[in-house]
Each structure stands twice: as C-alpha cells, then as structure tokens.
Amino acid sequence: MNRLAATDSKLSLDAESPARNAVSMTQHCSSLYLQRIDPSRNMARYYALSIERNLFGEICLIRAWGRVGTHGKELNHHFPSEAEAAALLRAIARQKNAKGYVAKATVQNR
C-alpha cells in the first residue's frame, strides 16, 4: 500500500479480508506419507496423500507418487465435503499398507 500517494485507495491489495486469510485456507489439512523400500529389488517408492483447500475453497485430495528422491506424478480429486475426501484417503492408505507401504510421517493441522 502506497501511503504517500495522494490517490491512495482503501481497497489495497494487502488489506486483510476473510478471503485472503491464510489461516482459513489451511484450517483443514491432513497429510500422510508412505514409503516402500526393498533394496534387494532396487525399490524405493513413496506415496503421499494430502487433504487441502485450493484457492477457490474447494476440498481436494492430492495424491503424489513415484521413486523416492524424484518429483513423481500427481493427481487431484475434488470433493463436496472433507468427510468424503478423508474416506478416500483412508481407503487408499489401506490399499498401500496391504502392498507393503509403511507410514513415515503423519501431519494434521487444525
């Protein structure tokens, strides 16, 4: 905000508003990071799941996977409710656990 200009507006880009509040955008965030490492098979894979709100306020489940140390691939799912996103996160986590993936870190911000 340019406070020295004579034409200063009260509609500044950095004015606080509920839409620009970073806390409200990250209020519902949960993540799960899984790894499957088997040196005998030269296997080092990861699978990351994260429930977040995008810039438009939609609830998204972000799935990322690949070889450990690479960017891998990413897929986004959009949901009308956080409960539906959490249900898919749990279902995918069960599938990955059955294939030998182990949870390495879980983060939950509320």
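These questions and answers cover strand pairing and aromatic pairs in a predicted model.

User: In what sense do strand 2 and strand 3 pair, and over how many bridges?
Analyst: Strand 2 covers residues 43-53 and strand 3 covers residues 59-67. One of the bridges joins Ile51 to Leu61 in strand 3. The pairing is antiparallel, and the number of bridges is nine.

User: Which residue in the turn between strand 2 and strand 3 has a positive phi?
Analyst: Strand 2 and strand 3 form a hairpin with five residues between them. In that turn, a phi of about 85 degrees belongs to Gly57.

User: Which residue of strand 4 stands opposite Arg63?
Analyst: Strand 3 pairs with strand 4 (residues 73-79) in the antiparallel sense, over seven bridges. Their hairpin has five residues between the strands, and Gly69 there has a positive phi near 95 degrees. Opposite Arg63 stands Leu75.

User: How many aromatic pairs does the structure hold?
Analyst: Tyr33 and Tyr46 form a stacked pair, 6.0 Å centre to centre with 15 degrees between the planes. Tyr33 lies in strand 1 and Tyr46 in strand 2, so this pair ties together parts 13 residues apart in sequence. Tyr47 and Trp65 also pair, with ring centres 6.0 Å apart. The number of aromatic pairs is two.

User: Why does the pair of Tyr47 and Trp65 count as stacked?
Analyst: The cut-off for stacking is planes under 30 degrees apart. The planes of Tyr47 and Trp65 meet that cut-off, so the pair is stacked, at 15 degrees.

User: Is Tyr46 buried or exposed?
Analyst: Buried means under 20% relative accessible area. Tyr46 has a value of 8%, so Tyr46 is buried.

Notes. Residues numbered from 1 in each chain as written. Predicted model: local features only at pLDDT ≥ 70, side-chain atom pairs only at ≥ 80, totals over all residues. Heavy atoms only, no water. Pairing = 2+ DSSP bridges. Helix = DSSP H or I, 4+ residues; strand = E, 2+ residues; numbered from the N terminus. Phe/Tyr/Trp six-rings, centres within 6.5 Å; stacked < 30°, edge-to-face > 60°. Buried < 20%, exposed > 50% of the residue type's maximum accessible area, 1.4 Å probe, protein only.
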